[in-house]
Amino acid sequence: MGDEDWEAEIIKPHMSSYVPVFEKDRYSSGANGDTFNRTPASSSEMDGGPSRRDHFMRSGFASGRSLGNRDADFSNKFEEGDTSGFWRESNNDCEDNQTRNRGFSRRGGYQDGNDSEAPGASRRGGRGSFRGCRGGFGLGSPNSKYEQDEGTQRTGGLFGSRRPALSGAGNGDTYQSRSCSGSGRGGYKGLNEEVITDSGKNTWKSEAEGGEGGDVQGPKVTYIPPPPPEDEDSIFAHYQTGINFDKYDNILVEVSGHDAPPAILTFEEANLCQTLNNNIAKAGYTKLTPVQKYSIPIILAGRDLMACAQTGSGKTAAFLLPILAHMMRDGITASRFKELQEPECIIVAPTRELINQIYLEARKFSFGTCVRAVVIYGGTQLGHSIRQIVQGCNILCATPGRLMDIISKEKIGLRQVKYLVLDEADRMLDMGFGPEMKKLISCPGMPSKEQRQTLMFSATFPEEIQKLAGEFLKSKYLFVAVGQVGGACRDVQQTILQVGQYSKREKLVEILRNIGDERTMVFVETKKKADFIATFLCQEKISTTSIHGDREQREREQALGDFRCGKCPVLVATSVAARGLDIENVQHVINFDLPSAIDEYVHRIGRTGRCGNTGRAVSFFDPESDSHLAQPLVKVLSDAQQDVPAWLEEIAFSTYVPGFSGSTRGSVFASVDTRKNYQGKSTLNAAGFSSSQAPNPVDDESWD
Ligand SMILES: Nc1ncnc2c1ncn2[C@@H]1O[C@H](COP(=O)(O)OP(=O)(O)OP(=O)(O)O)[C@@H](O)[C@H]1O
């Protein structure tokens, strides 16, 4: 990806606000048209009384086997030997996992015509019918000692041409060739991505575990991401807040812990320096969101914080602004070249694209100051990461694997760390990343929790993860809960359709055809399925790209860029794109497969309906595989004042688990703060008034 692609990806400022029109019959099957009715459930429904019957699956979308002969050649390739009519992939990710442990793998059936394979690579054949989409991207020859340190380069694909994605599919359709970037080559696994564990449950795997970026296993990564744009317009590019932005003020906020400082109501009250205020204005922020109103004074007061607020409600600025304010107040010295850099702030996030996004935000808010933010993440050349760091580093944004690598190379010292931020903290502390986070806080030089300020943010905080967090936070940390902990954003209109696996593709195409060119993220559960569905959609002449951990980083960034700029309005993704990504104008999220855990559902649908804009989420519920989600889904839907289909309630009732509190893997819906013996709890609304003065959002008819 070249510089020009970066520019294409950047959304220029002052674009008009996105307010989608919800046409009643948009997704209607035509028979009764009673679909996507945005009317909130009646109070009796909210109380667990009878809910409206859902009509979608009864009258609506075609049932039975999909596709027929339409894409016979392609489908057959996948369905060969699969009596289910949908290709089987039960063990695929286990295989991936094994392959991943060797540090390098190739996707079965995908052939990259111009890439050389490094030693140790494994090739899985058997489903061949595709060629690699395109060649690679070369960025000069190694010329520094860091690059030489990289050792063997993965040389294949330099300046490769964009080749037809489906050359083996038998139709040579040029449209597909042009638009489908769903078929990634092998290469490095995206290691911060889901893998199926022995138990069959998804978890996430850190980069370090797979050796990515490390020196021990596998070939070296040569990808150097293009530099971000330097011009002010691009740096401050933003989208407009939506019609529901002001309604954030009605959400109840609960702060727990001792001696919480009062919320602020305006940016002026934060008393930030002039440069920061200018940057805030240039970013188009005029009013604080609830999580900002509460978190900014807490962080400015030097307190540790665990903050939980709905997706798309401004958590990133809630931690960046007060950290920057402190740095400015403390007069940190301008960064300069040093072999060992000692950043004052470390921010970690679970995926590469998210950490890059956080970095861009940090760069935006620190514009014109001497604070230098740096981003490092897996899938890119290690030497490049080191070169970025040695030039100076006050705020280090990193994925965990790359961070630990860089620390082990003694390019980063931890003695000066004053702020440690875990974004998507529940993910950062779960079994995928938790061990690495523990390693991080026990690294030599890392100030103890008493000596540093630790900040955790997420839209979901399962109880058991809150308990783990105690190890990282001072005992007197404050907990801010904006709205229901783990609740879905109410600006997202959620629809659950009962769709069996054999009908999913047909339904997807039907919905996407109705949607037209509006940007849509389609979530699937595995990387292979992401490739498959992306390719299938391309074959259906729906311009689609894909992002998942089997794609090389260059391809992931290209895919995201193509999606952002609208070149490919459909992005098929695994959960690697479920959290944090803030992409303008994502009007729809479709859960082709539901995730295994409800918190992931909340994050996925939160890619739309951001910052007061409205969005829609449709989820295919297959009773064969998704029944365990019925209960938590009913809770999420009713908490967000969405219609709950009667059939879903029935399934939820029939799979009733006594003591259920909202999650299949512990309680997403923590009672708020899991510390039992705290004092000083206060409930306020986001406008800063006590709850007795505030309208209860559940009663707020105008919310929807
Ligand atoms: N006060 C504000 N005024 C206007 N826009 C804002 C404000 N705060 C944040 N935004 C914008 O809202 C969008 C969402 O913010 P952000 O990505 O920080 O959300 P988030 O809460 O971290 O979401 P997620 O839970 O999905 O990670 C961004 O485009 C951001 O620039």
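**Ground rules**

I number residues from 1 along each chain as its sequence is written, and side-chain values use heavy atoms, with hydrogens and water left out. As the model is predicted, local features need pLDDT of at least 70 and side-chain atom pairs count only at pLDDT 80 or more, while totals for chains, interfaces and linings use all residues.

**Entry 1: annotated regions**

I started with UniProt, whose positions are in the numbering used here; its feature names are shortened, and annotations may be inferred rather than shown by experiment. I took helices (H or I, at least four residues) and strands (E, at least two) as DSSP runs, numbered from the N terminus.

An unreviewed UniProt entry lists "short sequence motif: Q motif" at residues 265-293. I find that span to be 45% helix and 0% strand, with its end C-alpha atoms 6 Å apart.

The unreviewed entry also puts "domain: Helicase ATP-binding" at residues 296-479. Here the chain is 39% helix and 16% strand, and the end C-alpha atoms are 13 Å apart.

"Domain: Helicase C-terminal", again from the unreviewed entry, covers residues 507-652. I get 43% helix and 18% strand for residues 507-652, with 24 Å between the end C-alpha atoms.

Next I followed an open sheet of six strands, paired in parallel in the order 13-18-17-14-16-15. Two strands pair if DSSP finds at least two bridges between them. Strand 13 (492-498) and strand 15 (544-547) are the edges, each pairing on one side only. On average, neighbouring strands are turned by 20 degrees against each other, direction ignored.

I looked inside the sheet too: strand 14 (residues 519-523) runs parallel to strand 17 (residues 586-591), and five bridges join them. Phe523 has Asn591 in strand 17 as its bridge partner. Helix 24 (residues 646-654) packs on the sheet, touching strand 13 and strand 18 (615-621), and its direction makes about 70 degrees with that of strand 13.

For the helix pairs, axes are lines fitted to C-alpha atoms over the stretch in contact, and angles run from 0 to 180 degrees between N-to-C directions. Contact means heavy atoms within 4.5 Å.

The axes of helix 14 (residues 400-408) and helix 16 (residues 434-441) come within 10 Å and cross at roughly 30 degrees. The two helices are therefore roughly parallel; that label is for angles under 35 degrees, with over 145 roughly antiparallel, 65 to 115 roughly perpendicular and the rest oblique. Pro400, Gly401, Leu403, Met404 and Ile407 in helix 14 meet Glu436, Met437, Lys439 and Leu440 in helix 16.

**Entry 2: helix 18 and helix 19**

Helix 18 (residues 504-515) and helix 19 (residues 527-539) cross at roughly 55 degrees, their axes coming within 11 Å. That makes helix 18 oblique to helix 19. From helix 18, Arg505, Leu508, Val509 and Leu512 meet Phe532, Ile533, Phe536 and Leu537 of helix 19.

**Entry 3: helix 21 and helix 23**

My last pair was helix 21 (residues 598-605) and helix 23 (residues 630-639), which pack at about 40 degrees with axes 10 Å apart. Helix 21 and helix 23 are therefore oblique to each other. Ile598, Tyr601 and Val602 in helix 21 meet Pro632, Leu633, Val636 and Leu637 in helix 23.
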